[in-house]
Amino acid sequence: MTGRTFIKLCWFFLLNCAIAQFALAAPAPEPTKVNEIDYDITVRIDPINRTFEGKSIITVKRPKELRLLLGASFEVTHAFFNDAPLGIGRERSNQPHSWHIPFSFSQEYQFVIHWQGKLAPLDDSLDHQQALGRPIAVSGAVGTFLPDASGWYPRVADALARYKVKLELPVGQRGLVAGRLIEESESEQGYQATFEFSHPAEGIDLMAGPYVVETQTHQSISQRPIQLRTYFHQQISSLSKDYLDAVKRYLKMYEAWIGEYPYSEFSVVSSPTPTGFGMPTLTYLGINVLQLPFIRDTSLGHEVLHNWWGNGVYPDYRSGNWSEGLTTFMADYTYKEQESSEAAREMRLGWLRDFAALQPGQDAPLTAFTSRTHGASKIVGYNKAAMFFFMLRDQLGDEVFQRALQGLWAVQRFKVTSWQQLQKMFEIISGHSLQPFFTQWLDRSGAPTITISEAKSITADSGHGLTITLKQSDPLYQLRVPVAIQSEQGTQTHVLDLQQEQQTFTLTLPDKPLFVSLDPDLRLFRQLAPGEAPPILREVMVNPSTQTVLLSGKAEVRKIAETLAGKLQDQKPQIIASNAPLSAAPTLVIGLQSEVDAWLAAKQLPAKPGEINNKGTAQAWTLARADGASLAIISAKDAASLEALIRPLPHYGRQSYIAFAGREAVEKGIWPMRVQQVVVE
């Protein structure tokens, strides 16, 4: 037996033990989850007339008390329960349909429901934020999207279900739902396709459009065939091969890291609106998004990975959504690590800098995050959670961390899974209690503030002695704080276990220490000290108390400026007079170039920075004010240049400065970070 074989056998033995322990420790599922539920749905959609007809047969085995739901915009034409009339489930037309089915001793329930409706018109002028917050069923010649949250089909509330969906569409249209394509045909009468999802699923999203479909076959890690498809609009169909090749690359990567891909297919589907959704077996991305050259190397991998975390192991939203943070860590952040250590550090700095932009009350514990609703929720649910997994890997080591993820996948596939169950798996594989670590990072809002209060040379029997005193804010955390000690010969990093409000640590070093820096590599989630975090545009975007100064007296320019301010802040701007004194609130200033230059001079503030001066047609930058308040300035050549910023600028909140030529960013950057450093006395 080789050493490698022995290690593999030990790992399989450990994993089997973990599965047994995990099964004993796992909490019992909710009563509604024990229903064995199957949907058999047939839908007919006419995108031109936006009409919808559906029939669903819902079978519930071993039933408990349950509730059926259907969205308010649909009409029920027939409804039966075990062959008896069920009723339409509402009294007024503007109400959702709701049927309460009490518990009985029957071994099986069967519901047959026919329903129809007029779908809302597709609005392809929406931006990403608007599309994200608009869960309604829409249709048009260029696309149909029926999100699960729109209530487009009758469903059992709060329960997972298997399903089969048959689609009927006009000639020239193609459609799909998540699952395996088991039948497809097209004739003069139209297009038909049947999809099956044989695992318990959280919901069903349906999309259709005038798609050109390309297909390739990929072999899984066990040589099982996986059908890869692109459903692309004609204008981007030439991108299909590049996207299919990228999907293959991600499947190989994550199968080697986590375990075998759980499904028989994966599709990339184009949307006429700027969506960015991931469902089991597919991702639904906007046409304009898919044309961006970097999407294949960033967002696509994130959505592929969701087939393991989120759409393969389901988060228990009652205790918080861990899947977005883990996916961000294993996708977006991993790609930066693969690029370089500098790129990875830059992403960690971005997370900490974004968090520093939040104001009191905007933060929340990770256990309270369920889904992204605005910029502040993403900073917590994606970024802070990703940093949580980064710190957990630092604490456990790469090998243990990876094996815990493999164990979680082996045990929890297609099951609702809580943060507590993640903790239990990491504890079983590592052999250590992780209760303090999970509790302090999951249950608390905020982050610790850590400072070096003193660094002194002391006499040592051999080498050079050094004492370092660290302080942390209340509430107290158990922290592994990296400090870098610089000498004339180089820099050494030490990790100090800080558990009290103030602790002094004594070190013996080979060389005379000159400087001590606190966490210069940014491996700890913490509040950056004043001056440590470079100012960024997001600080005026996420703060609800931001004040806005509109400098132009021209009605046309002022209207454009007010629209831009609203897009940046996602709220109605709080506008103050241009001659008002600057307050302690964050301030956003918008105007034409001559107006901005005059305002800066009048306020005795620095002029436009050289990094973007005379570049492009419009510029935006931040200033660090002496009182610490945020100040962001937008300067444009003319009204058209200012209007061109409305769509792109909200996506550049992490920048300290940026210049645009029309809608294209031609220069951008971040002011340097100032690491917290003290001189050794």
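This is a predicted model: local features need pLDDT of at least 70, side-chain atom pairs count only at pLDDT 80 or more; totals for chains, interfaces and linings use all residues.

Me: How many of the residues in strand β33 are buried?
Reply: Strand β33 covers residues 618-624, which gives 7 residues to look at. A residue counts as buried when its relative accessible area is under 20%. By that cut-off the strand is mostly covered, and the number buried is 6 of its 7 residues.

Me: Which residue in β34 is the bridge partner of A624?
Reply: β33 pairs with strand β34 (residues 630-636) in the antiparallel sense, over 7 bridges. The hairpin they make has 5 residues between the strands, and G628 there takes a positive phi near 90 degrees. Over in β34, A624 has as its bridge partner S630.

Me: How do helices α3 and α6 sit: roughly parallel or roughly perpendicular?
Reply: Two packed helices are described by the angle between their axes and the distance between the axes. Here α3 (residues 240-257) and α6 (residues 323-339) have axes 13 Å apart, at an angle of about 100 degrees. Angles of 65 to 115 degrees fall in one class, so α3 is to α6 roughly perpendicular.

Me: How many nonpolar residues are in the contact of α3 with α6?
Reply: From α3, the contact uses Y250, M253, Y254 and W257. From α6 come M330, A331, T334, Y335 and Q338. Sorted by class, there are no charged residues and 2 polar ones, and the nonpolar count is 7.

Me: In the open sheet with β6, β3 and β11, which are the edge strands?
Reply: The sheet has 3 strands in the order β6-β3-β11, with antiparallel pairing. Strand β3 (residues 66-70) is joined to β6 by 5 bridges, and L66 stands opposite I101 in β6. An edge strand here pairs on one side only, and that describes β6 (97-101) and β11 (155-156).

Me: Last one: is L122 buried or partly exposed?
Reply: L122 is in the loop between β8 (120-121) and α2 (128-132). Leaving aside neighbours within four places in sequence, L122 is in contact with V138, S139, G140, V142, G143, P272 and T273. The cut-off for buried is under 20% relative accessible area. L122 has a value of 21%, so L122 is partly exposed.

Terms used: Residues are numbered from 1 along each chain as its sequence is written. Side-chain values use heavy atoms; hydrogens and water are left out. Buried means under 20% relative accessible area, exposed over 50%, partly exposed in between (1.4 Å probe, protein chains only). Helices (H or I, at least four residues) and strands (E, at least two) are DSSP runs, numbered from the N terminus. Two strands pair if DSSP finds at least two bridges between them. Axes are lines fitted to C-alpha atoms, for helices over the stretch in contact, and angles run from 0 to 180 degrees between N-to-C directions. Angles under 35 degrees count as roughly parallel, over 145 as roughly antiparallel, 65 to 115 as roughly perpendicular and the rest as oblique. Contact means heavy atoms within 4.5 Å. Ala, Val, Leu, Ile, Met, Phe, Trp, Tyr, Cys and Pro count as nonpolar, Asp, Glu, Lys and Arg as charged, and the others, Gly among them, as polar.
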